[in-house]
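Okay, thanks for coming, everyone. Let me put the model up on the screen and then I'll walk you through a few spots.

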Amino acid sequence: MSESRECAPAGAPCLTVTIGATVPTGFENTAAEEVKEKIGVDAKISKDRGRIYFSITTDSLFRVHRLRSVDNLFVVVDEYDHYQFKESKEETLAELKQLASKLPWSNALEVWKLNRSFKKKKSHRRGASKPKVKPEGDGKAEVQNEQDELSEPVSEEQLTADVTDQTETSTSDQEEQSEAKVMKFRVTCSRAGDKHSFSSTEAARDFGGAVQEFFQWKADMTKFDIEVLLNIHNEEVVIGIALTEESLHRRNISHFGPTTLRSTLCYGMLRLCKPQPSDIILDPMCGTGAIPLEGAIEFNNAFYIAGDNNDMAVNRTVNNVFHFQKQRADKGSAFGLPIDTVRWDLCNLPMKTGSVDIIITDMPFGKRMGSRKKNWDLYPSCLREMARVVRPGSGKAVLLTQDKKCFAKAISRMGGLWRKMHTVWVNVGGLHAGVYLLKRTGGVFGQTPEDIYNVPQGDRSSHRDKKNNSETP
């Protein structure tokens with residue numbers, strides 16, 4: 001699973017290890033493309049949906065934390081593509097216990113130490129060494145500190161320096177700390193498949209007990225130093241060590257709403273529409289601004305307009321943009337974000353016809369926001385208004401919805417203004433939803449059969465008269 005070699009040009013010894021990443025379900029190929037672009041290695045998509053694996057050297061570890069499409073990261077200790085489980089529960093659990101002492105832990109633990117050391121240095125450099133305020137209610141104070149550590153990228157030179165000098169400074173410090181206190185750990189088991197004789201809890205309990213006995217660590221389910229992962233999908237077994245303490249999808253948002261979209265899912269939607277320099281990109285139902293904020297950070301050569309008809313949603317978006325810009329200013333960056341925020345009526349947008357290149361938004365599912373009944377009127381109205389403001393022939397829309405039946409019916413009533421290009425099926429909070437990529441056809445807005453159908457009853461005769469007059473020689 002890993003090997004050691006000399007890393008040029010520093011000459012310091014480094015390891016080649018396999019990194020695992022959890023990604024939004026349905027966007028595994030998008031994550032693999034990003035890994036290839038930013039790290040230069042091929043990623044393998046797991047049989048278990050929502051995971052990818054790729055090999056790196058430890059001098060590239062800082063690049064892994066820059067990936068925008070991944071939720072959580074872990075280093076692989078070992079993996080088995082066709083693990084032969086015993087028929088009885090007792091035999092299987094006994095075998096898992098024996099497995100703990102046979103695994104090649106050393107390289108994975110070295111990567112975990114390296115990852116922990118430069119995360120601590122980043123915290124110190126960013127003034128995050130102040131005592132954390134213990135959250136009293138929902139834990140937002142602790143979440144905020146984690147966002148400050150991971151939301152803003154650090155220069156490559158700084159992070160490279162962290163990697164190259166860690167062997168000189170951090171190892172001895174960590175050894176002294178390990179002597180002073182016993183390492184705390186927990187085992188988390190994720191299991192999928194109906195042919196297992198054991199539960200996830202039983203596997204985590206017995207495997208964790210063997211890990212505790214092997215390392216002499218102390219088990220702690222909440223205040224742990226290290227998290228061991230046991231991922232079981234049918235016959236595939238992967239053992240890993242977590243490299244992220246909290247999912248990276250929270251990186252941009254400080255003011256959450258009832259249906260805040262994960263930043264990693266936002267990134268996948270943005271890549272689907274391939275933003276180009278100078279594009280005007282619109283989110284007419286922005287909520288907390290997660291989509292335009294992610295776009296303004298990663299695809300900053302385009303301009304983003306975020307809008308909503310709800311005052312609270314607009315305020316959350318403004319606060320999230322301000323919070324992120326303040327973080328940048330505190331770190332010495334003078335650049336703002338190419339984003340503006342507006343309150344508007346979704347079905348009557350204050351935009352010129354054909355002035356927008358891309359529309360990308362999270363539509364109401366009719367669950368926590370809106371209702372299924374209202375969607376039957378809302379979806380056709382907003383799709384027609386989107387067709388009006390998007391450039392004919394070249395404009396695109398990327399729309400997320402779980403109300404698939406209503407959406408399909410609304411598209412069929414658009415008179416050919418939209419053509420469905422691609423659908424990505426995703427899991428959003430346990431709901432099976434679709435991300436639809438639509439292409440705006442060259443049809444002229446206002447002259448489709450649907451427009452004629454929608455003419456009020458009293459005006460249809462005059463509309464027919466105009467048509468007949470235009471056909472008279």
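So, how many residues sit between β8 and β9 in their hairpin? It's two, and Asn234 in that turn has a positive phi of about 55 degrees.

Quick housekeeping. This is a predicted model, so I'm taking local features at pLDDT of at least 70 and side-chain atom pairs at pLDDT 80 or more, while totals for chains, interfaces and linings use all residues. Numbering runs from 1 along each chain as its sequence is written, and side-chain values use heavy atoms, with hydrogens and water left out.

Back to the strands. When I say helix or strand, I mean DSSP runs numbered from the N terminus: H or I with at least four residues for helices, E with at least two for strands. Strands pair if DSSP finds at least two bridges between them. Strand β9, residues 236–242, pairs with β8, residues 226–233, in the antiparallel sense over six bridges, and His233 stands opposite Glu236. Strand β5, residues 72–80, also pairs with β9, again antiparallel and over six bridges; there, Glu79 has Val238 as its bridge partner.

Now, side chains in a regular strand alternate between the two faces of the sheet. In β9 both faces are covered: Glu236, Val238, Gly240 and Ala242 are buried on one side, and Val237, Ile239 and Ile241 on the other. Buried here is under 20% relative accessible area, exposed is over 50%, and partly exposed is in between, with a 1.4 Å probe and protein chains only.

Two of those names come back in the largest nonpolar core. By that I mean buried Ala, Val, Leu, Ile, Met, Phe, Trp, Tyr and Cys residues joined through side-chain atoms within 4.5 Å. It has 51 residues, and Ile19, Phe54, Trp105, Phe207, Ile239 and Ile241 touch the most other members. Apart from it lies another core of 34 residues, including Phe27, Ile253, Ile297 and Val435.

Look at Trp105. Leaving out residues up to four places away in sequence, its contacts (heavy atoms within 4.5 Å) include Phe207, Phe214, Phe215, Ile239 and Ile241. Trp105 also belongs to an aromatic cluster with Phe185, Phe214, Phe215 and Trp217.

On aromatics: rings of Phe, Tyr and Trp (its six-membered ring) pair if their centres lie within 6.5 Å, with planes under 30 degrees apart counted as stacked, over 60 as edge-to-face and the rest as tilted. The whole structure has 12 such pairs. Tyr83 and Phe85 make a tilted one, 4.8 Å centre to centre with 55 degrees between the planes, and both residues are buried. Phe214 and Phe215 are edge-to-face because their planes sit at 85 degrees, with the centres 4.8 Å apart. Phe214 is partly exposed, at 40%.

Last stop, some buried arginines. Arg51, in strand β4, counts as buried at 10% relative accessibility. Its side chain makes a polar contact with the side chain of Asn231 at 3.3 Å. A polar contact is a pair of N or O atoms within 3.5 Å; within protein, one must be able to donate a hydrogen and the other to accept it, and residues adjacent in sequence count only if both atoms are side-chain atoms.

Arg251, in the loop between β9 and α8, is buried at 6%. Its side chain has a polar atom 2.6 Å from the backbone oxygen of Arg68, and makes a polar contact with the side chain of Glu294 at 3.1 Å.
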